[in-house]
2 protein chains.
Amino acid sequence: MLDKSKLTTGELVRHACREGRLTGQTAGLAKGYTQANLLIVPQDYAFEFLLYAQRNPKPCPVLEVVEAGQVRPRLFAPEADLRTDFPRYRVWRNGELVGEPTDILDVWREDFVSFLIGCSFTFEAAMMDAGLPVRHIELDRNVPMYRTNRPCEPAGRFSGPMVVSMRPLSPLAAIQATTITSRFPGVHGAPVHIGDPAAIGIRDINRPDYGEQVEIRAGEVPVFWACGVTPQAALLAAKPPIAMTHAPGCMFVTDRKDAELTIG
Amino acid sequence: MLDKSKLTTGELVRHACREGRLTGQTAGLAKGYTQANLLIVPQDYAFEFLLYAQRNPKPCPVLEVVEAGQVRPRLFAPEADLRTDFPRYRVWRNGELVGEPTDILDVWREDFVSFLIGCSFTFEAAMMDAGLPVRHIELDRNVPMYRTNRPCEPAGRFSGPMVVSMRPLSPLAAIQATTITSRFPGVHGAPVHIGDPAAIGIRDINRPDYGEQVEIRAGEVPVFWACGVTPQAALLAAKPPIAMTHAPGCMFVTDRKDAELTIG
């Protein structure tokens, strides 16, 4: 049986993935190492997707682009292979899920371009290091996520509403969380909204569109951050003939440290 | 004769350009409005250039990309026309300067993609607002710029060393300038080096590679920021069959305010 407590670096996590020993979620593994979301598209979609990301950096913060014909992210994990080093993938054809394999060697094509996208794990770690509560982690749940009425800036075939994640905080903690996360523009940055859910088109805060509901206690306000589900939803709505993503919670663990992602 | 003091908004500056009344430098015009550099390449180079920018955000902070077939920057100046609204352009063929027209209507092609790049004017304004000295502005000179020994991350046909601009400051002012400019990642962000010029491959601080020399007084240290000449040098080294840039100092004045470019 896999002893997850021994997976203390990005390299060890990736080896466990490559050898088929780790096929599930990566939350809590290799503390301090940056984890990343994945989106893979055919070259024909790559410029438009990179442009969509440039126009929507809060929901879609690109950490690294791996060009067609390449499988190693030179900047974030130069020894890794993007086709094998996630615990689990999702393969989509025309926007429909067709498989959840543990590697994508058999579907790989030379014209695929891979995007590693920053993930909220990084700023949640910074919040917890500062003593701020992160409710869904305390409850061992997935973060609640909501579609909003705020459209992203479209680019080519990519468009759609911003999806946000929500963390309940006291007003003082919300202020502290704002200053802390503003220093991490590569992983969604500062919140996009604080308070009234209806102001951004959320009808029922207790019924998230993705993830799981968490309690907002007396004296707390909901704080909303742009969420990496946004580009994934835009990708699937564009219905490319083929695309790949990480399976939910099954991230890529890099060789870089969260602390390196601060501004400066 | 043009009364520059009346050009108080981006729109007024752009109208003066379009009507041929303004054909020179834009420094000091429309105070508070963000000015931008320009790079135009054929579509065939656009993905690689956007990727180069994504990998090198400090020297190449992209404010907006205007796609092939379009001439209006929807986000920064939706009424503008990029072909006429700069005071003066440079046209390059195979990396060689072939003209400095005041519009590019006659060379325009439907496959051109335009990049508006953040400019140091924005963070210099923020420094001066905070009471920090900006020596080359006091002396009415161009900022001194230097090629360094630090390579940029290449992307396709784009590569080359980082070019930096230098401003001399007291150690305390250098610290204040660092915190101020770190809040403007869209316009080069925090410095890339402070102190010893030789540490980044600069042999003689009194002989800049571009711009004009300025005095470093007793008790001051040179402070170096990534500079927008970097992507222009990379562009010309790639020798595309045709490319266009703004003429030096002849920027695009947008409808957006510098204050909007802070993180958050």
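B:Cys250 is buried, at a relative accessible area of 4% (buried means under 20%, exposed over 50%, partly exposed in between, with a 1.4 Å probe and protein chains only). The model is predicted: local features need pLDDT of at least 70, side-chain atom pairs count only at pLDDT 80 or more, and totals for chains, interfaces and linings use all residues. Residues are numbered from 1 along each chain as its sequence is written, chains are lettered from A in the order in which they are written, and side-chain values use heavy atoms, with hydrogens and water left out.

The sulfur of B:Cys250 lies 8.3 Å from the closest cysteine sulfur, that of B:Cys17, which is too far for a bond. Over all chains, the structure holds zero disulfides (a disulfide is a pair of cysteine sulfur atoms within 2.5 Å). B:Cys152 is likewise in no disulfide; its nearest cysteine sulfur belongs to B:Cys60, 8.6 Å away. B:Cys152 is buried, with a relative accessible area of 6%.

The two chains were compared next. Chain A superposes on chain B by a rotation of 180 degrees, with 0.0 Å of shift along the axis and an RMSD of 0.0 Å (least squares on the C-alpha atoms of residues with pLDDT of at least 70 in both copies). The two copies are thus related as by a two-fold rotation axis. In chain A, A:Phe47 comes closest to this axis, its C-alpha lying at 2.5 Å.

The chains meet through the same surface, since 96% of the interface residues of chain A are also interface residues in chain B. Chain A contributes 24 residues to the contact and chain B 23 residues (contact means heavy atoms within 4.5 Å). About 2000 Å² is buried between chain A and chain B, with 59% of it on carbon and sulfur atoms (buried area is the accessible area, with a 1.4 Å probe, that two parts lose on being put together, summed over both). A:Phe47, A:Gln54 and A:Arg55 supply 28% of the area that chain A buries against chain B, more than any other three residues. Four salt bridges link chain A and chain B (a side-chain nitrogen of Lys or Arg within 4 Å of a carboxyl oxygen of Asp or Glu). One of them pairs A:Arg74 with B:Glu153, the closest N and O atoms being 2.6 Å apart.

Chain A itself was assigned domain 1 (4–117 + 232–261) and domain 2 (121–230), the bounds coming from an automatic or database domain assignment. The C-alpha centres of the two domains of chain A lie 22 Å apart. In chain A, 26 residues of domain 1 are in contact with 27 residues of domain 2. The area buried between these domains of chain A is about 2300 Å², of which carbon and sulfur atoms give 58%. On the domain 1 side, A:Tyr52, A:Lys58 and A:Pro59 lose the most area to domain 2, together 27% of what that side buries. Three salt bridges run between the domains of chain A. A:Arg157 forms a salt bridge with A:Glu48, with closest N and O atoms 2.9 Å apart. Between domain 1 and domain 2 of chain A, 14 residue pairs are in polar contact, both residues at pLDDT 80 or more.

Notes:
Polar contact = N/O pair within 3.5 Å; in protein donor to acceptor, adjacent residues only side chain to side chain.
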